[in-house]
Structure formats: structure tokens, C-alpha cells
Amino acid sequence: LEELMQMLAELSGLEEVKKDLNSLINLLKVKKLREERGFPQSDISLHMVFSGNPGTGKTTVARLISNIYYRLGVLSKGHLVEVDRAGLVGGYVGQTAIKTKEVCDTALGGLLFIDEAYTLSTGGANDFGLEAINTILKAMEDNRDDLVVIVAGYPDLMNEFLESNPGLRSRFNKIINFDDYSPDELIEIFKNICAKSKLKISAEAENYTYGFFEKRCGKNIANFANARDVRNYYEKALTNQADRIADIPDISDDELMTIELDDVCGITLD
């Protein structure tokens, strides 16, 4: 548990997310102590909404939470089942309920993470997504002691999702907001990715990269994808570096393991 909490603390940014989750975990720890000492317990809803734009760490945090819940004894297995509309909704009447129930059964003992959950409620009254929602709500009720569901997606659309069924708002009463990353946090993520591969970044390359993400954050770009942009940027930098050094005879370790300014100049993500 301590290792998992440390992994959560070491994630770049997400300060409000960490604060909210730490409070929830403290609540569960104290609840467990009361239970061990024979005191009466009140029910705590563990289902959550992860509200935020793409690439803000929602899936990463969900994986950690599933393991933390297991270590706290909240879940019997602690595995994560990640799914979206395509994994829940069938093509004809009756198929969706069967398909969704199978997913819920697979998630028993663990955490069911539904990405872009709002797509289940945006198709109108005759859409099979509503059948999926009703099946999920029944599974949550029938397995309240060993199934946690997290629904995730864009902030505005998740609010609409919660209003689409009277049972959703009451069951998903914890909303965790994932803010977009700042340029400082994006450069930290980039440096962490490089560090995992023992890559160094020259001062010039780091300054250029910071400026790149500073401009990108300030443009309100529709397809801005936060940490996913950093990953794509890193892969392009790695390709540029390979093109630059592949034909150098007797490449030194320093040349092999350093990202230079030439490797990041001219990278585009649009």
C-alpha cells in the first residue's frame, strides 16, 4: 500500500486529484479500523466520475486505485477492466444487456473503468447505450460489496451523462476533476519519459521543448491531448535523433543517449 501511495504521489501534476484521493483513502483506512474493532459502519460509495480532457492521467490513476482498493481489502481481486461504448453496446435488441453483463461479471472483485462513458447516453431514447447504463446500474446494486465503477470523460459531457438517468447521480456522487497539465508539468513528464530510457536532454533541447508546450497550452487547440502529446513528441524526437546519429561511425555513449536541439526543432503534432 505504501508503494502504491508513493506511486500516486510521484505522478506529475494532479495535485487536486491526489488531495481528493488521499482523503478518500484515509476515510477507508479509518473505516477499516472501526470495522476491526467491532464498531458499526456506514456505507461509503466508492464509485467515481473522472472528469477531464484526454491525456490527463485518468486511466493511470484508475489502475493505481484498483490496486489500492485491493490492498485496503475493499476489493477481493483488484484488477482493472477498461472498456468503452464498443465493448458494452451490441447491434440489436437484447444483445447489449448480455454483452454489458459479461463485462461486469469479468470486473467482479475489481474496478470497471468506462472511458468516454457519455457516449452511452447521447444516442437518444432508442439507443442501446441506455440499456447498457441500466445493466451497469443493476450490476452495481447486486455487487455493491465487490465491484467499483469509474466513469470517465470530458467535463461537460459527463455532466450530461449523469443527468441522463435518475440512478446515475446518486451512485456517482464523487467527481474527481483532472485539470489540463501546465507547461511545467508537461516538461516534467517529458523529462521523466526520457529518464526511464536513460536519455539526457541538452539544455537547448529542454528550453525549446518547454517553449513548444507553453505555446501549445495557450492555444486552446481542439486536439490538445496533454500527456499523450508529450508521448508523441518524445517518439518524434527519438526518430529525429536516430536519423541524425545512425550513420555516425563509432557513436559515443553520449551521442547515443542525448536528445539535442536538432532532434526537437520542427516537431509538429497537428
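Visitor: Which residue is the bridge partner of Ser51 in strand 5?
Guide: In this predicted model, Ser51 has Asn177 as its bridge partner in strand 5.

Visitor: And what stands opposite Ser51 in strand 4?
Guide: That position is taken by Gly153.

Visitor: How many bridges join strand 1 to strand 5, and in which sense do they run?
Guide: There are 5 bridges between strand 1 and strand 5 (residues 174-178), and the two run parallel. Strand 1 also pairs with strand 4 (residues 148-153), again in the parallel sense, over 4 bridges.

Visitor: Is strand 1 buried or exposed?
Guide: Buried: this holds for 5 of the 5 residues of strand 1, so the strand is largely enclosed by the rest of the structure.

Visitor: Which residues point which way?
Guide: Met48, Phe50 and Gly52 point to one side of strand 1, while Val49 and Ser51 point to the other.

Visitor: What is Met48 in contact with, beyond its sequence neighbours?
Guide: Leaving aside residues within four places in sequence, the contacts of Met48 include Leu21, Leu24, Ile65, Tyr69 and Phe172. Val149, Ile150 and Val151 are also among them.

Visitor: Which residues touch the most other members of the largest nonpolar core?
Guide: Met48 and Phe50 from strand 1, together with Leu21, Val61, Tyr69, Phe190 and Tyr233, in a core of 50 residues. A second, separate core has 27 residues, including Ala107, Ile133, Val151 and Leu168. In soluble globular proteins, nonpolar side chains tend to be buried together.

Visitor: Changing topic: where does Thr56 lie?
Guide: Thr56 is in the loop that connects strand 1 (48-52) with helix 3 (58-71).

Visitor: Why is Thr56 called buried?
Guide: Because its relative accessible area is 0%, and the cut-off for buried is under 20%.

Visitor: What does its side chain reach?
Guide: The Thr56 side chain reaches the backbone oxygen of Asn53 at 2.7 Å. A polar contact of 3.4 Å also links it to the side chain of Lys58.

Visitor: Finally, which residues lie nearest the centre of the largest pocket?
Guide: Gly55, Gly57, Thr60, Tyr181 and Ala227, out of 30 lining residues. The pocket holds about 850 Å³ of space.

Visitor: Which helices supply its lining?
Guide: Helix 3, helix 9 (183-196) and helix 11 (227-245) each contribute at least two residues.

Definitions and conventions: Residues are numbered from 1 along each chain as its sequence is written. This is a predicted model: local features need pLDDT of at least 70, side-chain atom pairs count only at pLDDT 80 or more; totals for chains, interfaces and linings use all residues. Side-chain values use heavy atoms; hydrogens and water are left out. Buried means under 20% relative accessible area, exposed over 50%, partly exposed in between (1.4 Å probe, protein chains only). A polar contact is a pair of N or O atoms within 3.5 Å; within protein, one must be able to donate a hydrogen and the other to accept it, and residues adjacent in sequence count only if both atoms are side-chain atoms. A nonpolar core is a set of buried Ala, Val, Leu, Ile, Met, Phe, Trp, Tyr and Cys residues joined through side-chain atoms within 4.5 Å. Contact means heavy atoms within 4.5 Å. Two strands pair if DSSP finds at least two bridges between them. On a 1 Å grid over the protein atoms alone, a cavity is a set of points where a 1.4 Å probe fits but cannot get out, and a pocket is an open set with protein on both sides within 12 Å along at least five of seven lines; lining residues have an atom within 4 Å of a point. Grid points are joined across faces, edges and corners, and a volume is the space filled by probe spheres set on the points.
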